[in-house]
Amino acid sequence: MKTIFILSKQDIELSKQEVLALTKKKKHVLYDNLLITDTRFRNYKRLAYTKEIHRLLFITTKNQLEKDINNFKWKKIYKKNFCIRAHNFKNTENTERSLASLIWNNLSLPKAKLRNPSTEIIFNKINNRIIVSLKIEELKEKFESRKPHLRPELHPSSLHPRLARAMVNLTGIKKGTLLDPFCGSGGILIEAGMINLKPTGYDIDKIMLKRAEINLKHFKIKDCTLKLKDATKIKTKFNYIATDLPYSKNTRAKDLNILYKEFLKTLKQILKKKAVIGFPDFIDYKKLIKQAKLKAEEEFTYYLHKSLTKKIVIIRP
Ligand SMILES: C[S@@+](CC[C@H](N)C(=O)[O-])C[C@H]1O[C@@H](n2cnc3c(N)ncnc32)[C@H](O)[C@@H]1O
């Protein structure tokens, strides 16, 4: 059975890589923002940039549509009532009506229900294809409710929770410990804790660690370790690391370069599987990664505001 991940259009590449990091599937197809893959992964709720989950029923063309509708065993997927949605067709209302009546004829005593139907069938026209799917789940995680200004301890440089969650997911971690070596007020740790991982946070600043502790407590995250530590001096090895590097317009690029260089050297020693690192884009991060003999696997650009764009880089040892 193939699953369709309806990706957020905000950044299709990042949304796609987030899904692939967790499904571990290299084989997939992408039609517009529809990512189709054969996977046993079911923990959909942890995804940050997927909007809906569907089951693929079949893919057809305009000419074959009626024939394929009549060949499909609708009884197998029909529950109590149903509703048809058509996307990207010229006349949506007419299309939905005629598709519904075709399916209707293949069911015994069906019922139509437009709001909250138990069976929602979607016809999505993308170029010359029509992708027919059954909606399984709408993902409604309330990332907005955890935005930095809604936490007890505010820190302006904290990431948007949706991006923080995606960074955790991009490491591919399924269970166990995730390290944020520059944890600040705990934005990444909160998102790791929300999906039952064991977050570990280090920071060089005592006040920041206290902020992280208060924030984690606020979101009832228990299995968490916080330590006062210089990220450039870590000795313990970790499978998965996600972090947003310190940056400040007041800090000279030269000083940041020194800090990043030291940290990447440490990362080379301690990283076992995958790290996801946020760099400010005014730094020549590619050069630094190469110098540390680390491998940059993918990178995404994340626009924060006029004066700051971030590069999110997936790194292998
Ligand atoms: C950009 S903030 C991290 C923001 C964090 N993601 C959050 O949600 O609050 C960077 C943090 O790195 C810390 N830091 C700076 N240099 C450090 C070092 N050498 N080792 C560990 N932490 C350091 C700073 O104290 C700051 O809290």
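This is a predicted model: local features need pLDDT of at least 70, side-chain atom pairs count only at pLDDT 80 or more; totals for chains, interfaces and linings use all residues.
Let's start at the ligand: one of its nitrogen atoms sits 3.0 Å from an N or O atom in the side chain of D230.

**Around the ligand**
- The ligand has 20 residues around it, and S158, S185, G187, D203 and A231 come nearest.
- Backbone atoms take part too: a backbone N or O atom of A231 is 2.8 Å from a nitrogen atom of the ligand.
- For I204, a polar backbone atom lies 3.2 Å from a nitrogen atom of the ligand.
- On its own the ligand would expose 600 Å², and the protein buries 90% of that.

**The nonpolar cores**
- The largest nonpolar core holds 26 residues, of which L264, L267, F279 and I315 touch the most other members.
- At least two residues of this core come from each of strand 11 (238–244), helix 7 (253–270), strand 12 (271–280), helix 8 (285–291) and strand 14 (308–316).
- Helix 7 gives the largest share, six residues.
- Setting aside residues up to four places away in sequence, F279 touches L245, Y260, L264, Y285, I289, T309, K310, K311, V313 and I315.
- There is also a second, separate core of 24 residues, with Y49, F143, L159 and I173 among them.

**A buried loop residue**
- You can find N81 in the loop between helix 2 (65–71) and strand 5 (82–87).
- Is N81 buried or exposed? N81 counts as buried because its relative accessible area is 11%, under the 20% cut-off.
- Beyond its neighbours within four places in sequence, N81 is in contact with K111, K113, P117, S118 and T119.

Notes:
Residues are numbered from 1 along each chain as its sequence is written. Side-chain values use heavy atoms; hydrogens and water are left out. Helices (H or I, at least four residues) and strands (E, at least two) are DSSP runs, numbered from the N terminus. Buried means under 20% relative accessible area, exposed over 50%, partly exposed in between (1.4 Å probe, protein chains only). Contact means heavy atoms within 4.5 Å. A nonpolar core is a set of buried Ala, Val, Leu, Ile, Met, Phe, Trp, Tyr and Cys residues joined through side-chain atoms within 4.5 Å. A residue is near a molecule or strand if one of its heavy atoms lies within 4 Å of it. A polar contact is a pair of N or O atoms within 3.5 Å; within protein, one must be able to donate a hydrogen and the other to accept it, and residues adjacent in sequence count only if both atoms are side-chain atoms. Accessible areas come from the Shrake-Rupley method with a 1.4 Å probe; for residues, only the protein chains shown count as cover.
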